[in-house]
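Please walk through this two-part question with the model open. What lies inside, and where do the chains meet?

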Amino acid sequence: MADLTPVEGIKAASRGLRGTIAESLGDAYTGSLRDDDQQLLRLHGSYQQDDRDVREERRQQKLEPLWRYMVRVRLPGGVATPAQWLALDDIAREKANGTLRLTTRQTFQFHGITKAGLKPSMQAMSAALMDTIATCGDVNRNVMASSNPIESAVHAEVAEWSRRLSEHLLPKTRAYYEIWLNGEKLEGSPEQEPVYGKTFLPRKFKAAIALPPSNDVDIYTQDLGFIAIEQDGRLVGFNLSVGGGLGTTHGDATTHPRLANVVGFLPPEKLLDVAEAVVTTQRDYGDRTNRKHARLKYTIEDRGLEWFVGEVEKRAGIQFESAREFTFETHGDVFGWRQALDGTWHRTLRIPAGRIGDTEGRPWLSGMRAIATVHTGDFRCTANQNVTIARVQAADKASIEALIRHYHLDAAEGSYIARHTLACVSMPTCPLGMAEAERYLPTLTVNFERLLAENGLDGEPLGLRITGCPNGCARPYVAEIGLVGKALGRYNLHLGGNGVGSRLNVLYRENIDETTIHSVISGLFAAWASERTPAERFGDFLWRTQRLPG
Amino acid sequence: MSSPVRLPVELLRVRELETLLSDLDADALRWVSGFVAGLSAERSRQAGSGVASAAPVAPPAGTDRIAVLYASQTGNSRRIAEKLGHALTAAGLNAAVMAAGDYALKQLADEKFLCVVASTHGDGEPPDDARALLDALSGRRAPKLGQLGYVVLGLGDSSYPKFCETGRVFDRRLEELGARRLLERLDCDVDFESKAHAWIQQSVEALVGASGATAVSRSAPVIAGQAAEAVAFVATRDAPLEVEVAVNQRITASASEKDVRHVELLVPEGRFPYQAGDALGVWLDNPADLIEATLVATGLDGAETVNVDGVNRSLRDWLTRHREITRVARALIERLAALSGDDGLAALLKPDASAHLRAQFNVWQVPDLLRRYSVQWTGERLVRALHPLSPRLYSIASAPEEVGDEIHLTVAVVDDVHDGLRHLGAVSSQMQAFEPGARFLAFVESNTRFRLPADPSNDVIMIGPGTGVAPFRGFLQSRSASGAAGRNWLFFGGRHLDSDFLYQTEWLSALKKHALTHLDVAFSRDTAEKVYVQHRLRERGAQIYQWLEAGAHVYVCGDAERMAPDVHAALLDIVATEGGRSPQDAEAYIASLASQRRYLRDVY
């Protein structure tokens with residue numbers, strides 16, 4: 001039996017995730033936390049990072065790395081009120097780097113918070129009824145839910161289930177309140193964790209609820225998924241999906257992305273029981289000796305899907321019915337004003353890479369603040385790094401639209417690629433980044449628009465996603481074209497996803513630079529343009545014409 | 001046959017000296033006279049001290065340490081290094097496994113066996129841990145490694161163009177520096193396990209063989225005294241010697257308002273004897289801009305010969321290396337007041353205006369005043385109104401036990417603007433631009449009043465905000481090198497944690513290794529309320545008092561005007577509060593510390 005990973009020891013010894021975080025915060029001579037506390041901090045919703053642009057310069061200056069903290073909000077289903085938006089905006093301006101970032105898990109994160117700024121930021125969020133518990137680390141992360149409220153009357157119900165699921169899978173420890181919100185200090189032994197136990201999960205765990213026909217949450221990439229089944233305008237239950245996950249490691253052939261299996265149908269009232277059964281099965285059987293082999297997808301592969309489903313049924317006291325029919329039509333967002341069945345209006349704004357700041361020609365942070373000041377509905381963070389101004393009354397539509405125009409919030413609503421391409425953060429804040437992603441997105445967009453135009457393909461739907469490392473935050477492995485960073489200026493080129501996120505792409509070329517990417521893609525675009533069937537998408541074309549390996 | 005009375009130097013040698021010195025000017029001759037005086041003093045000292053150079057005692061044959069260094073990004077290198085370490089130990093060898101970043105670079109020159117396991121990431125990038133060692137092997141001061149035998153294993157990913165680059169660089173540099181490759185380098189791809197395993201076996205065999213060979217050669221007797229032949233004389237204020245800049249590194253962040261430099265100087269062996277706590281005197285010509293400005297402001301010709309006290313020099317020469325023009329002296333203001341009849345200047349000279357006058361000294365430099373008060377100057381008048389140039393003294397920031405023939409300085413660059421006037425430090429403003437290889441004259445200014453406790457088991461409390469921290473870097477180096485048992489506590493202060501924490505990574509590393517017991521810092525501009533070192537002292541009052549009672553020595557270095565009195569007041573309060581003493585008794589307590597030389601200050 002191999003040894004447990006060091007992180008397991010840290011979690012076990014942490015007294016309910018307390019560790020010595022409080023003492024670390026008091027170490028005035030460093031912007032860092034003590035080593036073990038850096039691990040524990042994740043389960044409180046924050047990662048210690050540094051500004052990699054100045055890392056080498058500071059090493060020479062005999063200064064420690066410029067330690068800063070990424071802080072991620074827990075926002076089930078991505079729903080925030082205008083008052084919450086204003087609180088988040090204040091934190092972005094006063095404590096972080098002046099930007100709010102919308103993530104691919106429907107929430108906000110801050111970058112550039114100092115160690116001294118952590119507590120005030122958590123307290124400001126708490127005052128606006130938000131927290132950051134369990135948004136990072138080996139635990140169930142922010143729960144996603146389809147953000148598209150247009151087509152279905154059951155959307156509100158689905159959003160509510162995401163909130164209940166999030167609450168149900170929250171750690172029970174009071175450490176968060178104690179450390180960040182000046183709650184009472186623990187005396188005696190730490191709280192019991194009935195779902196997680198002392199060492200929580202072997203690895204991160206992601207859960208989402210999809211509402212067909214939209215697969216905006218990319219349900220097949222989630223460890224745990226519920227696909228809402230609607231009948232005559234009523235929510236009758238969910239199909240369960242398990243074992244999706246994208247993270248891989250370059251050069252380690254035992255790691256790979258995996259799509260989830262849809263294993264059966266359950267009535268709504270069994271959702272929490274089933275979710276808990278999936279989590280506890282992974283808790284008990286997940287691999288805690290190798291973090292690269294610790295996600296649920298490997299547990300299922302190692303022990304078999306049938307065994308896994310049986311174990312979940314036993315623990316949840318259920319026998320799944322066979323999965324119900326459903327159809328996904330897209331995993332992208334729909335922009336512009338749209339009216340929902342209840343008569344209210346929704347306006348999804350395109351935010352490239354999810355970054356909301358105030359820059360030349362794009363005073364978006366100020367613009368969203370202005371909207372939050374007058375808006376009476378709410379905001380929805382989408383799974384594609386965009387934001388929906390939701391539930392606008394017909395009477396307010398014109399004034400909201402005027403603000404959108406005044407602050408150029410529609411400036412990014414250009415070509416299909418400009419509206420739909422996803423990019424993770426990567427440089428300079430993400431410690432895992434190997435190549436640029438978000439900072440390269442504007443160039444990437446222009447380049448691919450040009451490549452399409454040169455082949456007479458302007459405006460064709462094309463799913464493009466880029467990440468700075470193989471961990472998959474922008475879900476590149478289900479895109480038609482996925483670029484996965486290997487080194488500065490070099491990427492692995494993956495091809496062959498479809499437009500709804502239900503097919504993995506495959507590695508097509510490894511470790512190539514921009515020029516090579518362009519020449520390879522240009523050749524394939526030329527073939528696509530001349531040989532495609534009517535309206536055939538790029539990913540489908542590549543498979544049909546057998547241009548992809550496997 | 002020797003005559004009963006004779007010249008101390010043979011006539012022929014005197015003639016040779018005359019020839020050597022014939023084309024030197026008066027200044028050069030003065031330098032030589034100082035040089036010779038220093039030489040003489042050092043010879044007498046050596047003759048008197050009777051120090052014999054003893055051969056070091058060689059450790060028993062075959063126990064030479066094998067340093068196994070890993071530079072790891074993901075931990076694979078570390079694991080391989082640890083396996084190698086175990087295998088070596090199992091073979092009866094003395095292996096020490098450590099991260100390359102933790103390796104004491106100064107040991108390199110003495111190391112006999114080195115094993116390097118280094119990964120490469122990205123496009124040929126070394127792991128952060130490897131950078132310092134790579135710098136040390138690549139720099140101009142890279143030691144000769146003829147004594148060293150080594151093996152290298154590189155880890156990488158062959159899909160990158162610069163596959164295993166870090167391992168290659170290590171291998172190449174070690175070879176170039178004269179080290180012997182004991183085994184061909186192995187480059188491992190992502191599937192490294194089995195190859196690495198075989199390499200470990202081969203390495204153990206190679207090292208067993210090589211260390212046996214060394215054991216034989218080490219049995220040869222070391223001849224004593226060979227190294228004692230070199231002539232030893234020391235640089236002095238009057239006969240300074242050249243030092244060479246090896247490193248000139250800004251150590252405040254780019255965002256900082258302050259430019260503070262870490263300067264490493266190569267000094268000629270044996271000519272700059274110093275101890276931690278000493279200062280280095282630096283002689284540099286005045287900044288050229290200021291010389292020009294002085295000539296322009298006075299309308300004088302730099303080529304004019306000026307005779308003062310029997311010495312003839314061109315005016316430019318006087319201004320370049322014989323008179324102060326960055327610092328304004330009272331004499332100049334007196335002269336200007338007399339010549340100009342300006343009431344404002346006269347008022348500045350009154351006793352009750354002295355604080356104001358001192359403040360003005362931080363604003364004005366000589367050309368500023370000369371421009372402002374236009375009077376009729378002659379070259380002689382000007383030279384007589386200016387103070388002789390003094391060397392600039394910098395607390396040495398190193399200890400010879402750690403750095404050998406190097407001296408490190410911490411230099412705050414003075415180049416700022418007050419009242420619209422640019423104010424340049426005579427030395428620091430030029431030091432800022434020194435490239436490695438630049439040379440200048442310097443000497444050690446001994447500071448016997450600022451010494452570590454004679455008893456290494458005594459604790460020390462070091463209070464040094466800003467560049468006042470410089471000598472404490474030397475103190476800690478010295479204490480670590482000698483394995484002093486006493487505890488070390490440092491108080492540092494600056495404006496911002498992010499940008500102004502001088503030598504931060506070194507202090508953090510010392511703290512981690514417990515070379516530093518406590519580290520307390522005050523960053524005045526990071527919080528709404530300004531905090532300084534004296535506030536931190538008061539916060540830690542109870543523990544400070546315990547240390548004092550246990551015999552700790554207290555050192556203060558830095559600003560004399562505000563910091564030192566504030567720290568002094570804080571110490572008095574601590575002794576009064578924690579020791580339950582009256583203010584008078586507290587005064588007496590601190591005074592007694594000072595008289596026992598346990599409260600030492602180097603403030604300016």
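Helix α3 of chain A (residues 35–43) has these buried residues: A:Asp37, A:Gln39, A:Leu40, A:Leu41, A:Arg42 and A:Leu43. Buried means that 20 or more other C-beta atoms lie within 10 Å of the residue's own; exposed means 12 or fewer, and partly exposed lies in between, with C-beta atoms placed from the backbone. Helices (H or I, at least four residues) and strands (E, at least two) are DSSP runs, numbered from the N terminus. The cover over the buried residues of α3(A) includes α1 (6–12), α2 (21–26) and β1 (46–50) of chain A. After α3(A) comes A:Gly45, with a positive phi near 100°.

This is a predicted model: local features need pLDDT of at least 70, side-chain atom pairs count only at pLDDT 80 or more, and totals for chains, interfaces and linings use all residues. Residues are numbered from 1 along each chain as its sequence is written, while chains are lettered from A and ligands numbered from 1 in the order in which they are written.

Next, the cores. A nonpolar core is a set of buried Ala, Val, Leu, Ile, Met, Phe, Trp, Tyr and Cys residues joined through C-beta atoms within 7 Å. The largest has 145 residues, and A:Ala208, A:Ala228, A:Val242, A:Val274 and A:Ala275 touch the most other members. Helix α9 of chain A (residues 271–285) supplies the largest share of this core, 6 residues. A second, separate core of 79 residues includes A:Leu63, B:Ile463, B:Ala470 and B:Leu537.

Now the backbone of chain A. A:Pro212 and A:Pro213 are joined by a cis peptide bond, with omega about 10°. A:Pro213 sits in the loop between β7 (207–210) and β8 (224–231) of chain A. Another cis bond runs from A:Met427 to A:Pro428, with omega near 0°.

A:Leu129 has a positive phi, near 60°. A:Leu129 is exposed, with 10 other C-beta atoms within 10 Å. A:Asn511 also has a positive phi, near 55°. A:Asn511 belongs to strand β22 (residues 506–513) of chain A and is buried, with 20 other C-beta atoms within 10 Å.

Finally, the interface. In chain B, 24 residues are in contact with 21 residues of chain A; contact means C-beta atoms, placed from the backbone, within 7 Å. On this side of chain B, α18(B) gives the most, with 5 residues.

Technical notes. Contact = placed C-beta atoms within 7 Å.
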